[in-house]
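Here is a short briefing to read alongside your model.

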2 protein chains.
Amino acid sequence: MNLAQSILEGNRLALARTLTLVENDHPDGQAALSELFSHTGKAHLVGVTGSPGTGKSSLVNQLARHFRHPPDGTPPKRIAIVAVDPSSPFTGGALLGDRIRMRDLSGDSGVFIRSMASRGALGGLAATTASLVQVFDAAGYELILIETVGAGQDEIEIARLAHTTLVIEAPGLGDDIQAIKAGILEIADILVVNKADQPGVENTERALRNMLELAHPTRRARFKEVQEKTAAPPAAFWMPPIQRTIATESVGIAELAESIGVHRRHLESSGEWQQRERNRLVSELQAVLRETLLQRWMRQVPDEVYQSVVNGLLQRELSPRQAVGQLLNGWLEDIGGEA
Amino acid sequence: MNLAQSILEGNRLALARTLTLVENDHPDGQAALSELFSHTGKAHLVGVTGSPGTGKSSLVNQLARHFRHPPDGTPPKRIAIVAVDPSSPFTGGALLGDRIRMRDLSGDSGVFIRSMASRGALGGLAATTASLVQVFDAAGYELILIETVGAGQDEIEIARLAHTTLVIEAPGLGDDIQAIKAGILEIADILVVNKADQPGVENTERALRNMLELAHPTRRARFKEVQEKTAAPPAAFWMPPIQRTIATESVGIAELAESIGVHRRHLESSGEWQQRERNRLVSELQAVLRETLLQRWMRQVPDEVYQSVVNGLLQRELSPRQAVGQLLNGWLEDIGGEA
């Protein structure tokens, strides 16, 4: 069975198997990815990020339901959900929770839910997530919801992967929680205050609005850069809306879904869609280049040369940069670098 | 003024300036780092990780005070505190908070507090933190406390940098918070339940103990590997203790400081100290190699060749791996790799 072909024909089993192979960085997974690549570039990638306790998983669930059963009679979209949970690689607890939570979607063949079981073999979590998303994209999933926990560098990288990034907050999680969101606010496209029936919703919304204003100069500079780099027609600056939802009662979901669509049209008309695609592909190319160059170089350097430099490093006679200088001067002159 | 020499003579201004240059990846910072490198390898690096709300910052503060004024009459240690806060690169809020909190240490010339202001220019947060720590190490700071927020891949990488990793919990933060700690528990050396006067402390301790047992096989496998790799005498397996503290009232701090010392002696006697140093230096070497190889290669590849492959990628005619194959086949034959 050719995995890529089977996926393109809509075989769910082949899809599941390929996702596992890709996650484990298996050569068959890599081969399938290469074959599928020309079919990617159509899906709308939506990142959903928020601290534990914000009800982000319920919100993802409700959004998926909405796009599966559009109240306005438009055709349902095929949905993939990638739950990126950097925790619990061995307990499996999160996976079980996800499954119970997503019960009402699980009978629907237009929905595919995938929990990342590991942190990713090579290149880290963000690189592995990017590969899984490519498989779903090629398989014809039109909307891919990428759910992440917390606010580390991972989340920032995964958010960069998405076309549209939702940051979820909830009342009553404390100022500390608000503070760690500052980094991610810079790349948020839509802010959601979930659990909007709980006390403190005004405070949370006000805190978000203040932080958004602080992030404003950075956002505007980034926007200007895109405008200059692309030949796109001048477009309006996107100021992230703040929207209230109560996911458990389906309140505000239709409005949120509408905002996601508005943001997509904004990206397309401003040239930012194209720019984000380009940035993503070029940075993926550079990551593969970096790793491949190292592997090839390691293969041709004589072991005794490498070991003697490593020993110098361990004895602290050479700093890491000096060690690299010494290794590359002897062994890379032919590709033309100086010390 | 030679920065490295001034730092070795104990000049705090030179130290502060070098830290900034290193954080911004400035060439003068890199030069100082290379010069200082032979003076590193003496400090005990202690990572302190915990979610917002666990009181981790107060705990770091109390630990620093303890080591500055040892109740048993041993000489005070020189302490550096590196506050790694992946948030708020632009608000400066966290920095101000740190400063207020650390007020009682700030007049002490044996303490140096540094908040990371940015995410690090090249190589990400973990690489930048590693460089700052090297500067402190060379400057003669004997104990370096590295404070991190949250539980992303960053934290895991920073924890790998430390000799001893403390994971801080507190009662009443919810099961969700507990769950995201699973990844980091695998590398925890000492578990701390802070705010131990609050209700729910038994539950938190029990949850930690359960998760520790789940992580046990992984920890044991890693330990066995170290035993096999090094010629160290057989040592006892380190089972992380769980300790209660109330940082705001200095309760349990002396016992925690004692545990940190016990762990250091355990690392030294089991050969793990040496192994961790080796792993860290080799992975730093490889990171610099990877980046340098890419930069040199980019410098020598003709622009039109690179651009035409990038265009193939953007048109989705080539996958990232295919693009790399095409680039390297033409331009790296001399260093002996196949496709």
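In chain B, Thr18, Leu21 and Val22 of helix H2(B) meet Asp28, Gly29, Ala32 and Leu33 of helix H3(B); contact means heavy atoms within 4.5 Å. This is a predicted model, where local features need pLDDT of at least 70, side-chain atom pairs count only at pLDDT 80 or more, and totals for chains, interfaces and linings use all residues. Residues are numbered from 1 along each chain as its sequence is written, chains are lettered from A and ligands numbered from 1 in the order in which they are written, and side-chain values use heavy atoms, with hydrogens and water left out.

**The H2(B)–H3(B) pair**
- The contact of H2(B) with H3(B) divides into four nonpolar, two polar and one charged residue (nonpolar: Ala, Val, Leu, Ile, Met, Phe, Trp, Tyr, Cys and Pro; charged: Asp, Glu, Lys and Arg; polar: the others, Gly among them).
- The axes of H2 (residues 12–23) and H3 (residues 27–36) of chain B come within 7 Å and cross at roughly 115°; axes are lines fitted to C-alpha atoms, for helices over the stretch in contact, with angles from 0 to 180 degrees between N-to-C directions.
- H2(B) and H3(B) are therefore roughly perpendicular to each other (65 to 115 degrees).
- Helices here are DSSP runs (H or I, at least four residues), numbered from the N terminus.

- B:Ser131 sits in helix H6 (residues 124–138) of chain B and touches B:Val22 and B:Leu33, leaving aside residues up to four places away in sequence.
- B:Ser131 counts as buried because its relative accessibility is 12% (buried is under 20% relative accessible area, with a 1.4 Å probe and protein chains only).
- Between B:Ser131 and B:Asp25 there are 106 residues in sequence, but 9.7 Å in space, C-alpha to C-alpha.

**The H11(A)–H12(A) pair**
- The axes of H11 (residues 253–270) of chain A and H12(A) come within 5 Å and cross at roughly 85°.
- That makes H11(A) roughly perpendicular to H12(A).
- Residues making this contact include A:His263 and A:Leu267 of H11(A) and A:Trp273 of H12(A).
- By class, this contact has two nonpolar, three polar and four charged residues.

**The largest nonpolar core**
- Of its 37 residues, those touching the most other members include A:Leu285, A:Trp297 and B:Tyr306; a nonpolar core is a set of buried Ala, Val, Leu, Ile, Met, Phe, Trp, Tyr and Cys residues joined through side-chain atoms within 4.5 Å.
- H12(A) gives the most to this core, with eight residues.
- A:Leu285 touches residues of chain B, among them B:Tyr306, B:Val310 and B:Leu327.

Note on methods: Helix = DSSP H or I, 4+ residues; strand = E, 2+ residues; numbered from the N terminus. Parallel < 35°, antiparallel > 145°, perpendicular 65-115°, else oblique. Buried < 20%, exposed > 50% of the residue type's maximum accessible area, 1.4 Å probe, protein only.
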